Amino acid sequence: MSEFNANAPSESVSTPRNVAVIGASGSIGTSALDVIAASGGRLRASVLSVNNDVVKLVELAKKFRPDAVVVANPNADRAPLAELPSGIETLFGPDALAEVVRRPEIDVVLLAIVGVAGLRVAWSALEAGQTLALANKEALVAGGSLMTDLLRTNGGKIYPVDSEHSAIFQCLLSRRLDSNSTFVDGSDVERLILTASGGPFRDWSLERLKTATVADALKHPTWQMGAKITVDSASTMNKALEIVEARWLFGLDADKISVVVHPQSIVHSMVEFVDGAVLAQLSPPDMRLPIQLALYETERRPGPTRKFDWTQSATLEFFPPDLERFPALSLGFEVAKKGGTAGVVLNAANEIAVDAFLNGRTTFDKIPVVCRQILEQHTFEEKPTLERIVELDAWARKETEIWISR
Ligand SMILES: NC(=O)c1ccc[n+]([C@@H]2O[C@H](COP(=O)([O-])OP(=O)(O)OC[C@H]3O[C@@H](n4cnc5c(N)ncnc54)[C@H](OP(=O)(O)O)[C@@H]3O)[C@@H](O)[C@H]2O)c1
């Protein structure tokens with residue numbers, strides 16, 4: 001067992017910021033823990049959570065010495081917890097996860113779990129007026145109107161972690177309506193321009209896309225990410241979800257959002273103003289930078305991300321997206337325009353379709369087809385409650401399963 005405590009403050013740091021790392025075993029969680037370990041004690045992992053990976057949780061708890069750990073899946077194997085260092089509170093189940101993020105001693109909740117399971121945790125944290133560093137885009141896609149209402153009433157804050165939204169947030173820092181929100185004064189904003197790498201299938205024909213395998217889809221050219229988001233990147237559904245996320249996060253109409261393909265993943269997104277000026281945020285493709293910025297609530301500090309070597313020449317390319325080969329993008333624009341319950345249905349259908357693709361039960365090209373079908377089948381509501389969103393999520397999952405198994 002390592003004696004090193006990666007949470008330990010250096011002598012000059014009096015009060016570290018307590019970070020609840022929700023989804024600590026995942027790709028974003030791992031990057032966040034890198035940032036915390038490199039913070040010289042300014043940041044402290046006070047809560048760590050996993051769904052199933054209890055072995056990893058124990059390994060991380062030995063290194064970071066949090067106050068509490070949470071295993072979200074109540075049926076996960078608990079045997080490895082015997083190795084947990086003493087004095088660490090251990091909690092189980094989704095209710096405990098939703099409760100732990102409300103604790104007042106937490107300064108920032110990094111929400112880095114995958115899927116719509118993030119919705120309830122985000123809702124609970126914002127209801128308690130917490131500060132959220134939000135990687136889990138599904139929470140905003142599925143519950144956008146609820147989340148933004150809570151932000152307006154309960155005093156919580158969201159700092160985006162998704163690199164595109166962090167980039168836009170950075171370009172709009174001087175234009176937030178108040179320092180507590182991401183909502184912007186859109187009067188001088190012509191449009192938000194989300195960049196997309198184009199993924200591994202950027203140059204594939206429609207015919208070839210029908211033959212795409214799981215191994216092909218998991219070969220992302222520029223980012224190392226979890227499996228679900230990597231498949232979403234390949235289908236461009238990730239960008240579709242990001243369009244919806246941006247609509248809620250920044251409080252702008254969907255027609256002020258556009259997408260451009262930028263294969264180098266250096267420009268993380270841009271904002272065009274009414275006078276034609278464009279602000280962009282550039283950095284190497286490394287999630288640790290937007291994570292760090294969110295954990296420090298936009299304060300700029302040195303961190304583990306490498307810097308550009310400006311003595312080397314580089315090329316930045318931009319292409320229009322091909323909506324015919326990547327129909328998921330059109331779904332993103334439509335759903336962002338509609339709002340209401342469209343997001344939860346698109347997200348749920350996509351989660352099931354991606355799972356089916358990863359498990360060999362459907363083909364890659366069917367993902368956007370089934371998503372459109374289920375969206376068209378659903379009875380739209382403008383202002384759903386949390387209960388209604390949860391019901392529709394379950395309905396869309398069931399209908400998607402039926403469609404796939406036909
Ligand atoms: N990866 C990126 O670069 C990136 C970039 C931008 C945005 N995002 C977003 O960030 C989120 C996380 O992505 P990721 O790539 O880090 O995912 P990931 O590598 O698959 O990790 C997911 C994490 O969530 C936990 N988890 C899974 N299901 C859960 C549930 N039902 N309840 C509680 N915890 C659960 C997992 O625990 P176990 O390990 O125990 O299963 C793991 O810790 C996603 O919403 C994604 O869209 C990711």
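The paragraphs below take these topics in turn.

This is a predicted model, where local features need pLDDT of at least 70 and side-chain atom pairs count only at pLDDT 80 or more, while totals for chains, interfaces and linings use all residues. Residues are numbered from 1 along each chain as its sequence is written, and side-chain values use heavy atoms, with hydrogens and water left out.

Start with a strand. S258 lies in β9, residues 257-261. Helices (H or I, at least four residues) and strands (E, at least two) are DSSP runs, numbered from the N terminus. S258 counts as buried because its relative accessibility is 14%. Buried means under 20% relative accessible area, exposed over 50%, and partly exposed in between (1.4 Å probe, protein chains only). The side chains of S258 and R191 are joined by a polar contact of 3.1 Å. Such a contact is a pair of N or O atoms within 3.5 Å; within protein, one must be able to donate a hydrogen and the other to accept it, and residues adjacent in sequence count only if both atoms are side-chain atoms. Leaving aside residues up to four places away in sequence, S258 touches R191, L192, I193, L194 and F333. Contact means heavy atoms within 4.5 Å.

Now turn to a helix. K239 sits in α10, residues 237-250. K239 has 7% relative accessibility, so K239 counts as buried. Its side chain has a polar contact of 2.8 Å with the side chain of E164. Another, of 2.7 Å, links the side chains of K239 and E242. Beyond four places in sequence, K239 touches E164, L194, T195, A196, V259 and L329.

Helix α1 spans residues 27-37, and its buried residues are I28, G29, S31, A32, L33, V35 and I36. What covers them? The cover includes β1 (17-22), β2 (43-50), α2 (54-64), β5 (108-111) and α11.

Next come the spaces. On a 1 Å grid over the protein atoms alone, a cavity is a set of points where a 1.4 Å probe fits but cannot get out; a pocket is an open set with protein on both sides within 12 Å along at least five of seven lines; lining residues have an atom within 4 Å of a point. Grid points are joined across faces, edges and corners, and a volume is the space filled by probe spheres set on the points. There are three cavities of 30 Å³ or more. The largest cavity has a volume of about 40 Å³. Its lining is S163, S166, Q170, H268, Q281, S283, D286, L289 and P290. Two elements, α6 (163-171) and α11 (288-295), each give two or more residues to that lining.

The second largest pocket holds about 300 Å³ of space. Of its 16 lining residues, L289, R300, R301, T305 and K307 lie nearest its centre. Helix α11 supplies the largest share of this lining, three residues.

Finish with the rings. Rings of Phe, Tyr and Trp (its six-membered ring) pair if their centres lie within 6.5 Å; planes under 30 degrees apart count as stacked, over 60 as edge-to-face and the rest as tilted. The model has five aromatic pairs. F201 and W204 form a tilted pair, 4.5 Å centre to centre with 50 degrees between the planes. Both F201 and W204 are buried. F308 and W310 form an edge-to-face pair, because their planes are at 70 degrees, with centres 5.2 Å apart. F308 is partly exposed, at 24% relative accessibility, whereas W310 is exposed, at 69%.
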